[in-house]
Amino acid sequence: MRTEAREARRLHPDPLRAARAVSNAVTSLGWLDGTKRVSATVVDDGELDTSPLVTACRLRGIEVFFPVMRDPAPIQFAPASPDTPFVSNRFGILEPDVDAELLVSARELDVVFAPVVVFDAAGHRAGRGQGYYDRALSFLLNGPRPAKPLVVGLAYECQLVDGVPSHPGDVTMDAVVTEERVRVFSSALSRRSRA
């Protein structure tokens, strides 16, 4: 399932148009209103390019963070401006090269724009299979779900599958946005969306 979805997204006929469509959808919904900190990812392995959305956030004065993997801790998030240097981590994925004291946890973010390999119509996502995001967001599973961070998946429509196997430690997305559609799974987020 992951292999087919990764191949499909690498072969997407117009990734730039799709990235702009996703950015336009997110910014038009009002989810960024009052937001101070978001996380995004650096495009890798054919993932949807977040750079139009990152630019839109920065133009609104929103601080943008990117994931940093430093074992044994769960992923943390590093602030990055357009001038911040990036280095390759052990997986060959670019991450900000910043001092450790600047790193924040997912709890300190307003919106986590999560990477997706596959997703389903119930809000389940699968990434690369290592569980990094689920561990970083595991606090969302304890009791009533807090208002932040929102977990919004960004993907191509071709990554939709009939069902993603879920486990007790998996964190369900509040929404997923593709170039064709916005799917909202959280009633709290539905109320925040503009009509």
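## Confidence and conventions

The chain averages a pLDDT of 89, and 91% of the residues score at least 70; pLDDT is the predictor's confidence in each residue, from 0 to 100. Confidence in the chain is lowest in helix α5 (residues 187–192), with a mean of 65, and highest in strand β1 (residues 37–39), at 98. Helices (H or I, at least four residues) and strands (E, at least two) are DSSP runs numbered from the N terminus.

The model is predicted: local features need pLDDT of at least 70, side-chain atom pairs count only at pLDDT 80 or more, and totals for chains, interfaces and linings use all residues. Residues are numbered from 1 along each chain as its sequence is written, and side-chain values use heavy atoms, with hydrogens and water left out.

## Sheet

Seven strands form an open sheet with mixed pairing, in the order β3-β2-β1-β6-β9-β10-β11; two strands pair if DSSP finds at least two bridges between them. β3 (76–79) and β11 (182–184) are at the edges with a single partner strand each, so one side of each has no neighbour in the sheet. On average, neighbouring strands of this sheet are turned by 25° against each other, direction ignored.

Two bridges join β1 and strand β6 (residues 111–115) in the parallel sense. Val38 has Val111 in β6 as its bridge partner.

## Helix packing

Helix α3 (residues 51–59) packs on the sheet, where it touches β1, β2 (63–68), β6 and β9, and its direction makes about 140° with that of β2. Contact means heavy atoms within 4.5 Å. Axes are lines fitted to C-alpha atoms, for helices over the stretch in contact, and angles run from 0 to 180 degrees between N-to-C directions.

Helix α2 (residues 15–28) lies across β6, β9 (150–154), β10 (175–177) and β11, at about 140° to β10.

The structure holds one cavity of 30 Å³ or more, and the largest cavity has about 70 Å³ of space. A cavity is a set of points on a 1 Å grid over the protein atoms alone where a 1.4 Å probe fits but cannot get out; lining residues have an atom within 4 Å of a point. Grid points are joined across faces, edges and corners, and a volume is the space filled by probe spheres set on the points.

Residues lining the largest cavity include Arg9, Glu47, Phe113 and Gln159. β6 gives the most to this lining, with three residues.

## Backbone details

Lys148 and Pro149 are joined by a cis peptide bond, with omega about 0°. Pro149 is in the loop between α4 (132–136) and β9.

Asp45, in the loop between β1 and α3, has a phi near 55°, a positive value in a residue other than glycine.

Note on methods: On a 1 Å grid over the protein atoms alone, a cavity is a set of points where a 1.4 Å probe fits but cannot get out, and a pocket is an open set with protein on both sides within 12 Å along at least five of seven lines; lining residues have an atom within 4 Å of a point.
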